[in-house]
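Reader: Please show me the chain, and then let us go through it by question and answer.

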Amino acid sequence: MSVLATIATANAAYSVIKTCLANGIIGQVGKFLSAEDDLKEAVKRKKSSPIAAITGSSEGDWEAFQALEDLKEKRRELESWC
């Protein structure tokens with residue numbers, strides 16, 4: 001590829017990236033990562049809850065596990081796109 005073609009490719013890519021950022025894609029990535037962290041924290045709190053330990057409550061554990069696995073897969077997919 002010639003120097004001018006390479007520069008044109010870089011400028012075009014920059015323009016697309018800038019447009020995506022301007023349209024709030026970074027904010028959406030932040031929301032996704034925050035939601036993932038919030039879910040992890042909620043599961044951690046539930047596991048360490050003395051009330052759950054006393055009652056032997058495991059309600060929602062499977063759903064939370066499935067949701068965390070789904071988010072892990074989505075994160076891997078997003079990382080592979082980057």
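Author: Helices (H or I, at least four residues) and strands (E, at least two) are DSSP runs, numbered from the N terminus. This is a predicted model, in which local features need pLDDT of at least 70 and side-chain atom pairs count only at pLDDT 80 or more, while totals for chains, interfaces and linings use all residues. Residues are numbered from 1 along each chain as its sequence is written, and side-chain values use heavy atoms, with hydrogens and water left out.

Reader: In what order do the elements of the chain run from the N terminus on?

Author: The chain has four helices and zero strands. From the N terminus on, the order is α-α-α-α.

Reader: How far apart are the end C-alpha atoms of helix α1?

Author: Helix α1 covers residues 3–22, which makes 20 residues. The expected span of a helix is 1.5 Å times one less than its number of residues. For α1 this rule gives 28 Å, and it agrees with the distance between the end C-alpha atoms, 28 Å.

Reader: What is the radius of gyration of the chain?

Author: The radius of gyration is taken over C-alpha atoms, and the globule rule is 2.2 Å times the number of residues to the power 0.38. A compact globule of 82 residues would come out near 12 Å, but the chain has 21 Å.

Reader: Is E36 buried or exposed?

Author: Buried means under 20% relative accessible area, exposed over 50%, and partly exposed in between (1.4 Å probe, protein chains only). E36 lies in helix α2, residues 25–47. Its relative accessibility is 1%, so E36 counts as buried.

Reader: Which residue forms a salt bridge with E36, with the closest N and O atoms 2.7 Å apart?

Author: A salt bridge is a side-chain nitrogen of Lys or Arg within 4 Å of a carboxyl oxygen of Asp or Glu. At 2.7 Å between the closest N and O atoms, R75 meets this rule with E36. R75 lies in helix α4 (residues 61–81) and E36 in helix α2, so the pair ties together parts that are 39 residues apart in sequence. The partner of E36 at this distance is R75.

Reader: How many residues apart are K40 and E36?

Author: The side chains of K40 and E36 meet in a salt bridge, 3.9 Å from N to O. An α-helix has 3.6 residues a turn, so residues three or four places apart point the same way. K40 and E36 both lie in helix α2, and their separation, about one turn of the helix, is four residues.
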